[in-house]
Structures are given as structure tokens and as C-alpha cells.
Amino acid sequence: MKLFEWSLRLKGFPINEAKKTLNVIEKLTTEQYNNYLSKQLLAIVDFHLKHTPFYKSLCKGIDTSNWNDLPVLNKSSLQQPLDNRLSDKYTPKTIYTNKTSGSSGTPFVFAKDNFAHAMTWVTFMQRYGWFNIDLNTSKQARFYGIPLDTKEYYKERFKDWLGNRYRFSVFDLSDDALEKVLRKFKRTQFNYINGYTSAIVQFAKFLERKNITLKTICPTLNVCIVTSEMLFDDDKKLLEQQFGIPIVNEYGAAELGLIAFQDKHNNWLVNSNHLYVEILDDNNKPVPYGQTGKIVITDLYNRAHPFIRYELGDLGSLSTKSTLQHPVLEKLTGRTNDLVLLPSGKKATGLTFYYITKTVMSKEANVKEFIIEQLEIDTFRVSYVATETLTEAQKEAVQQAVNTYLEPNLKLYFEQETVLNRQKSGKLKQFTSYL
């Protein structure tokens with residue numbers, strides 16, 4: 001039984017229709033694909049100009065027939081109530097909504113219509129199939145965060161059950177915790193690993209200390225897919241050595257889905273099924289293949305919410321081998337996260353702070369951006385931009401979240417800023433350790 005696909009259909013996502021569309025796209029010749037892309041770009045712009053007042057207002061006075069004149073959207077411009085940004089053909093009850101992770105320090109709520117979300121999932125199915133992974137039947141070892149409040153916790157666990165995956169916490173990467181992870185691998189027939197790069201690398205270092213190759217104790221493993229954070233060459237070599245399986249680099253974003261995925265020849269192939277990726281300079285002009293610039297992406301099918309020339313906040317380049325039909329991501333800058341080191345000896349990924357800072361992202365505080373810096377082993381500074389100063393009650397809520405997710409007796413200092421220092425890429429690094 002295809003339980004995972006069934007669960008998607010039950011939620012209203014037209015998976016079969018998306019599969020048929022993907023099948024047509026895959027069979028297009030080069031000339032046919034170029035025509036398809038041109039038509040889709042024109043169609044999505046035309047739709048939002050007619051049905052999305054938010055986007056129409058951004059294009060006021062612009063020659064919308066010239067693609068390079070269209071505005072480049074960034075996360076700050078999307079930080080307003082979702083109702084203000086939706087097309088008039090949809091309501092929050094008829095679409096898929098979620099919140100970005102905030103790894104850039106600029107989180108916001110986004111929306112996708114059901115077909116656009118289905119296209120995201122069938123693309124994941126296609127790419128994972130390159131490594132004989134079937135999302136309906138393959139067992140996943142998942143290294144991700146999970147909310148700790150009861151309702152959201154069990155909601156995620158139920159989703160894990162539907163997705164045939166077992167989730168390991170990234171909030172505790174101590175040797176004692178990783179020993180339990182190892183025991184789970186010994187008694188479970190996992191087919192693949194997926195999750196945050198830094199947590200998976202810590203597990204590999206643990207295996208290296210114990211002189212264990214994971215494939216020898218879990219022979220059903222086929223591949224390890226790392227995501228959300230940068231994978232450096234040394235770490236990839238370590239993972240290959242300690243896992244004994246291929247290591248695949250995935251690049252994605254919650255609001256767009258899969259952006260790029262490495263094939264068996266280590267080509268980082270861009271998802272051209274439903275995305276159009278541009279590399280632009282500081283003046284929002286296209287740069288030649290091989291040159292580094294801002295990664296800007298258009299979702300060809302999302303009619304609920306405009307993601308047209310949307311700037312992610314990352315820098316990268318497309319290979320000179322790229323074509324419109326088969327773009328190849330050559331280089332990506334950003335998405336690194338330091339490890340959190342704590343007085344008890346416990347370690348956690350920097351993305352742990354996403355789950356903590358959700359407590360300060362309330363409508364009342366209207367927090368726009370935030371960064372967290374570890375100053376001492378037990379001392380953290382939370383710098384934030386908001387229209388209102390955090391109340392003592394809100395600060396205490398953050399402190400309690402830290403106690404829950406990390407450990408008690410950590411010192412937090414809050415500083416409200418008018419602007420936060422950014423990296424050269426233009427994005428914020430949500431967590432930085434100075435240890």
C-alpha cells in the first residue's frame with residue numbers, strides 16, 4: 001500500500017495529476033522545454049498580476065513584459081499578514097501553509113496551492129528514486145528537530161509514521177544519546193538517512209571514535225541525504241568512510257521545495273521541473289554561467305502566493321555546463337550552522353534555536369529578525385528587530401524553552417536592535433558561537 005502517497009491525496013494534493021505533468025516535462029526536447037519554460041513564466045506572472053493585488057502593487061510602473069525588469073522579492077517584503085499576499089482565487093483554508101525555518105533570521109508564513117505542493121512532492125519522489133528510495137516503502141532514519149509541546153510533538157510523530165521514518169532528536173548529540181542512536185540502527189532495517197548535516201556529521205564522528213562503519217551493522221542502508229546546512233568536503237569524506245554508503249547533497253527551502261539534488265555522478269542538478277533558478281548580481285542583473293551571485297528562484301506553478309524572482313539570501317553559481325533544461329548548481333555559499341556546546345558537555349545543532357525562537361515570533365511582539373550568539377559556555381545573546389520590545393513574560397517564555405530544549409541555568413541577554421549585522425551574502429546567520 002502506498003501509504004505516503006495516500007496521505008498526500010487525503011490532504012487534497014493531486015499527486016496523480018502532478019505525476020502526469022512531470023512525465024510530460026521529462027519527455028520534452030531541448031527546444032520544447034525552452035518553449036515550455038517561456039510559457040510558464042509568462043503564465044505565472046500574468047496570473048498574479050490579475051489575481052494578486054500584492055504582486056500587482058509591486059509591479060506598478062514596471063514593464064512587466066520584460067522579465068529582467070520584474071521586481072526581485074525578498075523575505076522582508078513578504079513579512080506581512082498572509083492574507084495580504086494571497087491571490088483572490090484562494091483562501092487560507094483551501095491551500096497549504098507553513099512557516100519558513102528562520103535559518104536566515106527572517107522567518108515568515110507562506111502558502112502554496114495544492115497542485116504546486118503536489119509538484120514539490122513528485123519531484124522529491126523522482127530524485128530519491130535515483131538512489132532506489134521509494135517514499136512509500138523505504139525506511140528513513142531522520143535527523144531533524146521536533147517540537148516538544150505535546151500536540152505538535154505527536155503531530156510530527158504521526159507524520160513520521162505515515163512517511164515510514166524514525167526521527168532522532170538533534171537537540172542532544174552527546175555520546176550517551178548517540179549510543180542510543182547506534183543501538184536503533186542495529187535493530188532496524190533502515191534504507192536511508194536524511195537530515196541536518198551537522199547532526200549527521202556528529203554521528204559519523206561518534207562512529208569514527210568507536211571504529212564502526214554503519215553499513216556493517218545496518219546492511220540495508222543505501223544512501224545518506226544531507227540537507228539544510230552546508231556539506232564541506234572533509235565532512236563528506238568522513239560520512240562516506242563511516243557510513244559506507246553514497247552521500248548525497250540536497251539543497252531546498254520550505255517555501256520552494258527541492259532546489260537542487262546531487263545525482264550518482266555528483267552533479268548538483270537543479271530542479272527544473274517546477275522551478276526557474278537565476279543567478280543575479282547586486283543590481284539584479286543576470287550573471288554568466290560560472291559566476292557567483294544571488295540565488296533567485298521562481299515557482300512556475302504556485303498560484304496561491306507569488307514566488308516570482310524570489311531571493312533566498314544565498315550566494316551561488318551555475319556551472320558552465322548548464323542549460324535551461326538541465327541547470328547544474330556549481331557552488332553554494334551559506335547555510336552553515338555552528339554547534340551549541342553546553343556546560344554539561346551536551347552538544348546540539350545551531351538549528352535547535354529555530355524551535356526556541358518560535359516562542360518570540362508572536363504576533364504581539366512582531367519579531368522581524370533575530371540572531372543568537374554564544375558568548376560563553378553558559379551565556380547567550382539574543383539580538384532581535386521588532387516593532388515592540390519583548391516583555392518580561394515573553395523573555396521568560398524563551399528562557400523556559402531553552403531550559404526544555406537545551407538545559408537549565410543558561411544565561412540569556414536580550415538586545416533590541418534597529419538593524420542586525422548581515423553576512424557578505426546578505427543573509428543573517430541565525431546562530432553563531434564565539435567559543
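Which side chain does Glu5 meet in a salt bridge? I looked up the pair first. The side chains of Glu5 and Lys19 meet, with N to O at 3.0 Å. I keep in mind that this is a predicted model.

**Entry 1: Glu5 and Lys19**

I checked where the two partners sit. Glu5 belongs to helix H1 (residues 3-10), and Lys19 belongs to helix H2 (residues 15-26). I noted a general point here: side chains of opposite charge can pair when their charged atoms come close.

Is Glu5 buried or exposed? Glu5 has a relative accessible area of 3%, so I wrote it down as buried. The cut-off for buried is under 20%. Lys19 reaches 31% relative accessibility, so I put Lys19 down as partly exposed.

**Entry 2: H1 against H2**

I then looked at the two helices as a pair. The axes of H1 and H2 cross at roughly 110° and come within 9 Å. That angle makes H1 roughly perpendicular to H2, because angles of 65 to 115 degrees fall in that class.

Which residues meet here? I listed Glu5, Leu8 and Arg9 from H1, and Ile15, Asn16 and Lys19 from H2. By class, I found 3 charged, 2 nonpolar and 1 polar residues in the contact of H1 with H2.

**Entry 3: H8 against H9**

I moved on to another helix pair. Helix H8 covers residues 175-187, and helix H9 covers residues 197-209. I read an angle of about 85° for their packing, and their axes are 10 Å apart. H8 and H9 are therefore roughly perpendicular to each other.

I wrote out the contact residues. H8 gives Asp175, Leu178, Glu179, Val181, Leu182 and Phe185. H9 gives Gln202, Phe203, Phe206, Leu207 and Arg209. I sorted the contact of H8 with H9 by class and got 7 nonpolar, 3 charged and 1 polar residues.

How many salt bridges does the count come to? It comes to 15 salt bridges. I picked another one to follow up.

Arg157 forms a salt bridge with Asp160, and their closest N and O atoms are 4.0 Å apart. I found both residues in helix H7 (residues 150-162). They are 3 residues apart, about one turn of the helix. Asp160 has a relative accessible area of 2%, so I marked it as buried. Arg157 has 26% relative accessibility, so I marked it as partly exposed.

I then traced the network. Salt bridges link Glu156, Arg157, Lys159, Asp160, Arg165 and Arg167.

**Entry 4: A sheet of strands**

In what order do the strands of the open sheet run? I read E18-E17-E16-E19, 4 strands with mixed pairing. E18 and E19 are the edge strands, and each pairs on one side only. Neighbouring strands of this sheet are turned by 20° against each other on average, direction ignored.

I found 7 of its 10 residues buried, so E16 is mostly covered. E16 and E17 run antiparallel, joined by 8 bridges. A hairpin of 2 residues connects E16 to E17. I noted that Gln374 stands opposite Phe380 in E17.

On the other pairing, E16 meets strand E19 (residues 431-433) in the parallel sense over 3 bridges. Glu373 stands opposite Arg381 in E17. Glu373 also stands opposite Thr432 in E19.

**Entry 5: Asp378 and Lys411**

I came back to salt bridges. The side chains of Asp378 and Lys411 meet in one, with N to O at 3.9 Å. Asp378 lies in the loop between E16 (367-376) and E17 (379-386), and Lys411 lies in E18 (residues 411-416), so the pair ties together parts that are 33 residues apart in sequence. Lys411 has 43% relative accessibility, so I recorded it as partly exposed.

**Entry 6: Asp69**

Where is Asp69 found? I located Asp69 in the loop between helix H4 (53-58) and helix H5 (82-85). Asp69 has 34% relative accessibility, so I recorded it as partly exposed.

Leaving aside neighbours within four places in sequence, I found Asp69 in contact with Ile62, Asp63 and Arg309. I also checked Asn284, which is 215 residues from Asp69 along the chain. The C-alpha atoms of Asp69 and Asn284 are separated by 8.9 Å.

Technical notes
Residues numbered from 1 in each chain as written. Predicted model: local features only at pLDDT ≥ 70, side-chain atom pairs only at ≥ 80, totals over all residues. Heavy atoms only, no water. Axes fitted to C-alpha atoms, helices over the stretch in contact; angles between N-to-C directions. Parallel < 35°, antiparallel > 145°, perpendicular 65-115°, else oblique. Contact = heavy atoms within 4.5 Å. Nonpolar A, V, L, I, M, F, W, Y, C, P; charged D, E, K, R; others polar. Buried < 20%, exposed > 50% of the residue type's maximum accessible area, 1.4 Å probe, protein only. Pairing = 2+ DSSP bridges.
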